[in-house]
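This briefing concerns a model of two protein chains and the way they meet. Please view the structure before reading the points that follow.

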Amino acid sequence: MAEMKTAAYICAGCGLGDKLDIAQMEKIAQKEGKMQLVRRHDFLCSTEGVELIRKDIATEGVSHVVIAACSRRAKTEAFDFPTVAMSRANLREGVIWVVAEGEAHDEVRQEMANDYLRMGCAELKKMKLPEGNPNKAGNKRILVVGGGMAGMTAALESAETGYEVVLVEKAGQLGGWAARLWRRVPFKQPYDKPQETGAAQLAAKVSGHPKIRVHLNSTLAETSGAPGRFKVQIAQESGAVSEEEVGAIIQASGFSSYDPARLPELGGGLANVIDQAGLEDLASSANGAPIKRSDGREVKSVVFVQCAGQRDDTGTHLSYCSGHCCATSIKQAMYFKDANPDVDTVIMYTDLRVPGMGEDFYRSAQEKGVIFTKGKVAKVESATDGLKVNFRDLILDEDVAIETDLVVLATGQVPNSGVNIDLPDEDEGKAKQVSILNLNYRQGKDLPQLVHGLADSHFICFPYETRRTGIYAAGPVRRPMDMLQATEDAAGAALKAIQAVENADAGRAAHPRVGDLSYPIVRLEGCTQCKRCTVECPFGAIDEDERRFPVFNESRCRRCGTCMGACPVRVISFENYSVDTVGNQIKAVDIPDEFSERPRILILACENDAYPALDMAGLAHHVYSAFVRAIPVRCLGSVNAIWITDALNSGYDGVMMMGCKHGDNYQCHFVKGSELANYRMSKIDDTLKQLGLEVERVASYEVAITDNARVAALINDYVAKIVEIGMSPMKGFG
Amino acid sequence: MSDHNSQAVARYRNNFLKEVEERVEEGEWVKMCMQCGVCAGSCPFGAHWQHSPQKLFMMIRAGKREEVLTSDSMWMCTSCYNCVVRCPRQLPITHIMHGLASYAHRLGIAPKGQPTREFAKIFWDNLAKKGRVNELKLTLSLYFKDGLVSGIKTAMGMQSIGLGMVKAKRLNPMEIFGGHGLKDLKGFHAILAKAREIEDKRKGLT
């Protein structure tokens, strides 16, 4: 961009003109904000108002624009000027809608609006128009890891959408678990009997598709690169290695069945005690005729033991529910009933869980005479010709036993998620695991896990996403699920992968800042090689070179700014978001003196949840104190400690940090950002003490997007507390 | 009567559920219970039952024949239909309770002296005799079911109500002598006999 020309546009619509002294603000923009052009308009987002700005950009050479009107989250279509850098001063949701009505508040309301305008001008001067990732790459091929139901579906969905697909499968044929099943749980109306799996047809379709290349008997020897330019070494069983270049990866590596041998109390290891997979084999070999045991005897009675080694609270086995096993046992009981209605089939459960349309399937099994017994199995032991199942009947509250020919253990799903990169290297568990992706990232070989070895993505808000950009998880590797859910997952992950390659090609960010053209810029000459950025980046975007300087892979970056918050020497920045853009805003606020009784409180609010909650507090007209000044941040993880010290040094009386919930049930859009911020802020007390300040002057809050009423209450409570503590002694030194 | 019981035991061996399905009114619904316990929670007499409907269904599935059929729980049902209205699986629980009670009675193993059962027996015998309920005789046989002394005591206690009803012509003292009945009493008894024959045949109680 040639020369910087700044302009401020102040809107007087939506009641702004009635509540605020716009003329005074025009002067502030000119004198204090040093804006070269200042204009007022009575209805800025109208066609006429927008045209005014457009004309200035075209004819006056305006390159930097402040819009002092509504929140940056409002009217984004109207105020869309892709060729200029832009900041927004939030006078509507942030000021006139939240400051109490009446003349008594006119002064503080005006002060608040003036400050937001000053902040907008200050931020603008440090902003640059983002130009997009300079290291973009446009390979649009999609790699699918795993050829089971999820993998095949993902491959087919991507190919049908027009993208080339490379599918890598460890086994000698496609199909995964699905190929081993005799029938599947019904997925179509009327949900009353087991249905054909369709795995063979799907496999044929995948193998025959002109856009899909299938590598059987193959694994990934190494994965390197970034979205749009991944390089994968595909190792065949024979030892041959071939290289493929792909733009995005879908990991559908599925699950392993929990080993029944680890359940000796449930008869694991005894003859005629099998798991659900074992029963599928028996059913397949019976081929619709009455099912026979491995010793050739026809099964006349069978007991299904649900939750075998699952939902275990002793810490020995799986602690979670795999979700599919109740329906699977119902299906398998029907194998027996459909071949011979006189076979005794007992499903022993503690809670029957049949998600989806499973309730119809359950009812259908009851109609067929499958017996459902609510009981907890204590021990399975050998008996003459069969087995004895000792259990506690949970309805009748007594210990009883039944004899049976066959016992089927409903064991759970263990995700095939590769190496747990968070375990220390010497951990035995880590050594035993075989990596799936073999990433050459410095952060580890596989996808980071959240709990139970499942790949970390937000189950509800952003499924399929992982903490490695351009790599998506689908199927039971992400959470336990049945075949229908796995195929739905696959379609979702395919769409995500397509978005990823398209965004990488355009040099834009992926979820959640989709379309963001800014990227992290590092001033290496200032870097002290402390490695905090490489360690703390939630997405493993930063490698190290041989001199141990950070190497940013912009395409892997989600633009959260966690590296920027981490950097002690502040050498990391984005074109439109940096230590300076926020720091300048903090310094632009006019701080009244100690005796004014008008404290100033800085709010650093996460733009994903907390800032929208503040906006909605405005929308709902929840009144809060006019002493606060809110600045949106990309993520609390991007908050650099210098902002806090700067604010306190320049006389702010308090700092409120508002971010998303962290921990196992996190809501942080960048997964680890709010957690890191919380960790960093836990150490801020020492700094405060050094400054001779009360620890209450910096407070952290978890704010959800729905907290609009709460956020107003939080502000008012905090302001009351600050008033109680008294004004900061630091005023006038900044 | 107990013949029926031993025959049934021999016939169904361990499969009590099958016996209930074939022989108890609405018994084919028992397998559809999903053990949610809403019936047990809805029953206004629930606290007085030894086994709630939910438990009875579980016991049937668990093959506890003796315990179910000799239980007095299903005799406690007052037919309020609360459970039927609330059952998420729409089981006709009230009917199943009556079905179980009537089946146990038919086998001769229902609990002796159970008041509901005694009253039902008195009512049925009274009705079956003449095809009309003889209210005076029904009342008196109910009063005297536990013997002369308690009968006189109860009758004396109810004296004023009885006299009031006589005065209001709601009770005819002459009914004590035979009382009124159907015109074709023979035909009525033939119908009852045939009905029982059909039912026994259907249930396999020969």
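How many residue pairs are in polar contact between chain B and chain A? The count is seven, both residues of each pair being at pLDDT 80 or more; a polar contact is a pair of N or O atoms within 3.5 Å, where within protein one must be able to donate a hydrogen and the other to accept it, and residues adjacent in sequence count only if both atoms are side-chain atoms. The model is predicted: local features need pLDDT of at least 70 and side-chain atom pairs pLDDT 80 or more, whereas totals for chains, interfaces and linings use all residues. Residues are numbered from 1 along each chain as written, chains are lettered from A in the order written, and side-chain values use heavy atoms, without hydrogens and water.

**Extent of the interface**
- Chain B places 14 residues in contact (heavy atoms within 4.5 Å) with 15 residues of chain A.
- About 1300 Å² is buried between the two chains, 58% of it from carbon and sulfur atoms; buried area is the accessible area (1.4 Å probe) lost on putting two parts together, summed over both.
- Of the area that chain B buries against chain A, 39% is supplied by Lys31(B), Met58(B) and Arg89(B), more than by any other three residues.

**Salt bridges**
- Two salt bridges (a side-chain nitrogen of Lys or Arg within 4 Å of a carboxyl oxygen of Asp or Glu) link chain B and chain A.
- Lys64(B) forms a salt bridge with Glu398(A), with 2.5 Å between the closest N and O atoms.
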